[in-house]
Amino acid sequence: VSTGVRYAACSSSPSVYEGVANWAQADAVVTLKTPGQPELVVALDEHSSSKPMCAIAMLDNDGGRIQVTKHVEYFPSHKEVDSAFGFGFKWVAGRK
């Protein structure tokens with residue numbers, strides 16, 4: 001029985017990678033290492049300027065053991081990731 005599901009996500013930001021406008025240009029690779037499971041490697045190479053946010057993996061708490069499943073899907077923003085996977089966060093205007 002699963003006790004909860006979450007997704008790890010990445011988003012592109014040109015200010016993070018100077019001179020790089022998106023993940024495809026950065027040649028970005030995410031590696032998740034989870035005890036007792038094979039490494040999960042995700043290349044962020046399918047970028048779309050209208051969908052800079054990438055949900056890369058499903059993390060499922062299965063009785064205290066984390067099960068990681070690759071899931072690569074791009075979204076326009078955090079809010080759309082939330083909506084797609086039903087997290088139920090309350091979204092309000094903010095700033096960094």
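Read along the sequence, this protein chain runs β-α-β-β-β-β-α. That gives 2 helices and 5 strands. Before I go on, please keep in mind that the model is predicted. Residues are numbered from 1 along the chain.

Some totals to begin with. The chain has 96 residues, and buried ones make up 26% of them. The accessible surface is about 6,700 Å², and carbon and sulfur atoms account for 52% of that. Turning to contacts between residues at least 6 apart in sequence, 51% join residues at least 24 apart.

Now the strands. Strand E2, residues 29–32, pairs with E3 in the antiparallel sense, over 4 bridges. Within this part of the model, Val29 stands opposite Ala43 in E3. E4 and E5 are also antiparallel, and 9 bridges join them. There, Asn61 stands opposite Ile66 in E5. The hairpin of E4 and E5 has 2 residues between the strands, and Gly63 in that hairpin takes a positive phi near 65°.

What about the two faces of E3? Leu40 and Val42 make up its covered face, whereas Val41 and Ala43 are on the uncovered one. As background, side chains in a regular strand alternate between the two faces of the sheet.

That takes us to the core. Which residues form the largest nonpolar core? There are 10 of them: Ala28, Val30, Leu40, Val42, Leu44, Cys54, Ile56, Ala57, Val68 and Tyr74. Two or more residues come from each of strand E3 (40–43), strand E4 (53–62) and strand E5 (65–75). E4 gives the largest share, 3 residues. The general expectation is that nonpolar side chains in soluble globular proteins tend to be buried together.

Val42 is worth a look in the viewer, as a member of both the covered face of E3 and this core. Leaving aside residues up to four places away in sequence, Val42 touches Ala28, Val29, Val30, Ile56, Lys70 and Val72.

Next, the aromatic residues. The whole structure holds 4 aromatic pairs. One of them is Phe85 with Phe87, a tilted pair at 6.4 Å centre to centre and 40° between the planes. Phe87 also pairs with Phe89, again tilted, with 5.7 Å between centres and 55° between the planes. Ring pairs link Phe85, Phe87 and Phe89 with Phe75 and Trp91 into a cluster.

Phe85 has a relative accessible area of 22%, so it counts as partly exposed. Phe87 is partly exposed too, at 28%. Phe89 is at 52%, and is therefore classed as exposed. The cut-off for exposed is over 50%.

Last, charges. How many salt bridges does the model contain? The count comes to 1. Lys33 forms a salt bridge with Glu39, and the closest N and O atoms are 3.7 Å apart. In general, side chains of opposite charge can pair when their charged atoms come close. Lys33 counts as exposed because its relative accessibility is 65%.

Methods. Predicted model: local features only at pLDDT ≥ 70, side-chain atom pairs only at ≥ 80, totals over all residues. Heavy atoms only, no water. Phe/Tyr/Trp six-rings, centres within 6.5 Å; stacked < 30°, edge-to-face > 60°. Buried < 20%, exposed > 50% of the residue type's maximum accessible area, 1.4 Å probe, protein only. Core = buried A, V, L, I, M, F, W, Y, C linked by side-chain atoms within 4.5 Å. Contact = heavy atoms within 4.5 Å. Pairing = 2+ DSSP bridges. Salt bridge = Lys/Arg side-chain N within 4 Å of Asp/Glu carboxyl O. Areas by Shrake-Rupley, 256 points an atom, 1.4 Å probe, with all protein chains shown as cover.
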